Amino acid sequence: TPAATQFKGGARHFHQRCVQCRSGLPGMAEANSGDVDEEKSAREALISEKPDASELLNLLDLWNHFTSRGHEGPVQCVDANFQADFIFTGSADYTTRVWKYDDVYDAYDLVIKITHEPPPDFVTPTPTLFETLVNMVLPGHYKADWEPNTRGVTGIGCAYSAPKGATGVPVRNGPVISGTAHGDLYVVCLSASANGNDVIPMIGLHKDAITDVAVHATYPEGDNSGCSFLVMVCSLDKKATLLDMECTEAPNPEYKYHTDVERNAFVDLMFCGGGWKRKSLVRGQGEDSGGTSTAITCLKYKSIQKVATCEHDSPVLSVRHLGDNRQKGRGTFATCTTEGVHLWSWQGEKVMSLKIASEAGTKFFEHHRDPAVQPYAMAAAEHHCMAVVNRDNGTLLFVGGSDHVGVWGLEGGKVGVRTATSNLDFQDEVWEEKQRAGESLEPLCVYRKPGLLLDVDQSGRSTTFCVQIQNDGETADLWGLEAVEPGSLVMEPEGAGSLLVCPGKEKIMVQMSHSSKVIDCRVVEDLVDGPSLITGTEDAVVYAWDLEGDDAGQCYAEMRSLQPLQILLPPILLGVTTVQMLSFAFGPAVPWKKEVHQQAVVVHEFMMLDFKYKLEIKKEHIFWPEMMIICAAILFFQVSAAIGLPQMSDQLVRFVHGSFHLRIYARTLRTILLRITRAMQQALHLAMQLLSTVLVVPMIQSCAKAVDCIHPEGYNWFKILFGQHVEPSTLASAPTIQCYRGSHLKLVFALLAIMPFYVLFLVPYAVAGGDAKFVPRSALYSFRIWEKDNPWRLAARRKSTDVHLAFLHTSPKEAFRTLFVELIQKITLPVITTWTTSIPLFQMTSVTLISFIIWLNSIVHPPYVERKFCVFVQDLKLFTVCAMACGILTVYLDNPKSYVPIYVLCVSCGSVAVGLTVKLCMMTASRPFVRMFVAPRKIAEGPADEEAPAE
């Protein structure tokens, strides 16, 4: 998880405000001094009139933020800055949103929203009331028709750089550049601007939709500051515009989520949700970052100037930069059209065109005898996607088209020519000759891999994988690229493509499934946590996937709005759990007053789902079928977890999907096998989830009742086990079944054999919410749960923090402990209450002790990030402890007519309620702040192709 990610830039505190930018010169935005002064005064007035945080905080604010923070329409473009602590997304709903990683919550939350002015005829698709209600229960069931790629924000890129040659200097974040379906371009500064120029529009830059934006830091001769950027914007109007953007360094304003008031350590621990050693919850100053924030600089927009317009013969689909290559005739940018890939110099001159074509493919594979890698001549009819990785020893260019992926190697902006010795020749004479002839160089290799989108490993050290979106649009494949692991050879070969795996030998390593079509994807490299995949989907959700290690293929972040049910369900479940715990204080064995006892027993049976006798089903008739099913389910869970059956099903799906022979020679059979294997995969994952979550309590309770026997007076265990006792023992729940004889004795031995392993394997699955994707077989036997980097702990943390849940968000540091304690509670309470019915005083004492331990754990280790909600949960547990203690008093008095237990219960629980009310009123809570902009669309006064003057 990106828990240790350090913030590398961006604003630290965002106040909610809107900044209106005015369009001035053709294609550019410029604010005059009067406008600047007016906006600055309005901004200062808004901030000065902002009330206290306690007055701002209310449930309606939180509800509006978390139900509307995500995109409303399909996410059409995504990008991320260095180390992915900022993620930028654009959508068909005409908004650009900036998501920032918060190391306190270990999740992403919205910090900036730019609303682009839609055209007059734009109508937001609005679901009906019935569709809205259905989507509350089944998210995404009804989807609005947004007509993707024809409206809204269609291209996005971000600027970041560090001074050249400087060591130990963090990367600075620069402006965000987004383009719309109407050809308008907007430059947005992440930092708080002093002149009101936070959004700089370039209206009418293109005549059709902008499809992609590439931003690259440049270092002109004598300038190592890294404040200059080359920007290339491509469009469906068959043009790509090259821009030169200048920035200046600006202080990075710090911002805090909220700061706690200094309190006495004991008061903070017992009454304010402070925990034993809990630090102040300051946004950007989380526990994992040491509680400190380093003030660094960021880059603020200064000026932008058009350099050149690059003409194409067909619509331009994407653009990537190839490095800071400033020599004449060298490629700096690459654009992709259906006809091929075109290389452009830093001055906007066309260098060369490349196409996926090979007439002499035999020279690539003639030394192989494997039929899966037979040589063939081919030529791609269309090209539709492209990816680039700039490595220390060169650049690799990947191009997808016509079910193939071609790869070229570049060095210093020159494409290498393959020689007879299987090396790439980068000599200037060969390069210039190919340029003069206008020839397209053959690719280094061609993989037969169909797909819609692709991106590659961006580590810069090696190219170990490629991520490709399948033709179904919903599945992302990660397949290996390197035949030999980097660093495993005594002498590493030179060249960026020297370790690439031979075509036909590549294997799918991980598959990532989405619930809707993926429109855009981007691989980003985090120096701390490794590579990640960012995907934007048609259902308005942005996902972040881990691509390395045992947790590869796991989704560790979702950026979206919360459904009302997702907000309401956790408090409801918390209330149900509290009532369940309270019902043990009023169980059948506790002699409360008759009026209280009757109602309490009904509530207890209802909360425990004990309907067997209410439905007049005799236990004797269902005991053996029930136990056979439970034992089979437990054994199935154990075997599946032990051998890694969920992962084996995933591998089977990947094998069928990636089989070369099935894809080429048996497509119909491949489709049928894929449907069957995916159905088996989904059923297996669902079964593992049910057996480790909702079915735990009823199965444990049934197993406890299966050995709960009524013994005769003066019984002897030795005689009972060997059938020598005259009067046999019988089951308490099924009196006709004799204990420890015949089939029941076999059942007892079977439970003794399987239950310990079931409980052991249950822990990692239960703390991960039953999701088998978070519990690979390699992590199943990591029993050292006291270690900080234990895989079970990491799985619990990742599963509980993938979505920012505000006041419902589990504390990342305490996620495992909280869920582990809850699991112990689920296991012990049914056993104790079943086996100790005849000794109510011991039963109530044990239950009270467990409740006290759970409450004490919540005090020492707060389960939630938000302190106000933490206090609420802690006092609910204290309320339960008080009720349990009153149950002990009731059993001790053993007088069903006594009012003393009722009076004590009312006083103790009333005191807890009053104390909770006072604490909630006295404490302040965190409140999300979102910086908001409005980017108006105005008709340019000049032609779109006219150069925009530099400021």
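**Charge pairs, a disulfide and a core**

Tutor: In this predicted model, the side chains of D546 and R798 meet in a salt bridge, with 3.0 Å from N to O.

Student: How many residues apart in sequence are the parts that D546 and R798 tie together?

Tutor: D546 belongs to strand 32 (residues 542-546), whereas R798 belongs to helix 18, so the pair ties together parts whose separation in sequence is 252 residues.

Student: How many salt bridges does the structure hold, and what parts does the pair of R320 and D212 tie together?

Tutor: The structure holds 16 salt bridges. In one of them the side chains of R320 and D212 meet at 2.6 Å, N to O, and both residues are buried. R320 lies in strand 13 (residues 316-321) and D212 in strand 9 (residues 210-218), so the parts tied together, 108 residues apart in sequence, are strand 13 and strand 9.

Student: Where in the chain do K328 and E349 lie, and is K328 buried or exposed?

Tutor: The side chains of K328 and E349 meet in a salt bridge of 3.8 Å, N to O. This pair links distant parts of the chain, 21 residues apart, with K328 in the loop between strand 13 and strand 14 (333-337) and E349 in the loop between strand 15 (340-344) and strand 16 (350-354). E349, with a relative accessible area of 36%, is partly exposed, while K328, at 70% relative accessibility, counts as exposed.

Student: Which cysteines form a disulfide, and why is the disulfide left-handed or right-handed?

Tutor: The sulfur atoms of C709 and C739 are 2.1 Å apart, and these two cysteines form a disulfide. The torsion about their S-S bond is about -105°, so the disulfide of C709 and C739 is left-handed. C709 lies in strand 34 (residues 709-710) and C739 in the loop between strand 35 (730-731) and helix 16 (743-767), so the pair ties together parts that are 30 residues apart in sequence.

Student: Which residues touch the most other members of the largest nonpolar core, and which helix gives the largest share?

Tutor: This core has 48 residues, among which L751 and Y758 touch the most other members. Leaving aside neighbours within four places in sequence, the contacts of Y758 include I634, F637 and L691. With 12 residues, the largest share of the core comes from helix 16.

Student: Which residues form the nonpolar patch on the surface, and which helix gives the most to the patch?

Tutor: The patch is formed by W63, L565, L568, L569, I572, L573 and V576, which together have about 570 Å² of accessible area. L565, one of these residues, is partly exposed, at a relative accessible area of 35%, and its place is in helix 8. The element that gives the most to the patch, with 6 residues, is helix 8 (residues 564-583).

Notes
Residues numbered from 1 in each chain as written. Predicted model: local features only at pLDDT ≥ 70, side-chain atom pairs only at ≥ 80, totals over all residues. Heavy atoms only, no water. Patch = residues over 30% accessible without salt bridge, like charges linked within 9 Å, V, L, I, M, F, W, Y side chains within 5 Å. Areas by Shrake-Rupley, 256 points an atom, 1.4 Å probe, with all protein chains shown as cover. Salt bridge = Lys/Arg side-chain N within 4 Å of Asp/Glu carboxyl O. Helix = DSSP H or I, 4+ residues; strand = E, 2+ residues; numbered from the N terminus. Buried < 20%, exposed > 50% of the residue type's maximum accessible area, 1.4 Å probe, protein only. Disulfide = S-S within 2.5 Å. Core = buried A, V, L, I, M, F, W, Y, C linked by side-chain atoms within 4.5 Å. Contact = heavy atoms within 4.5 Å.
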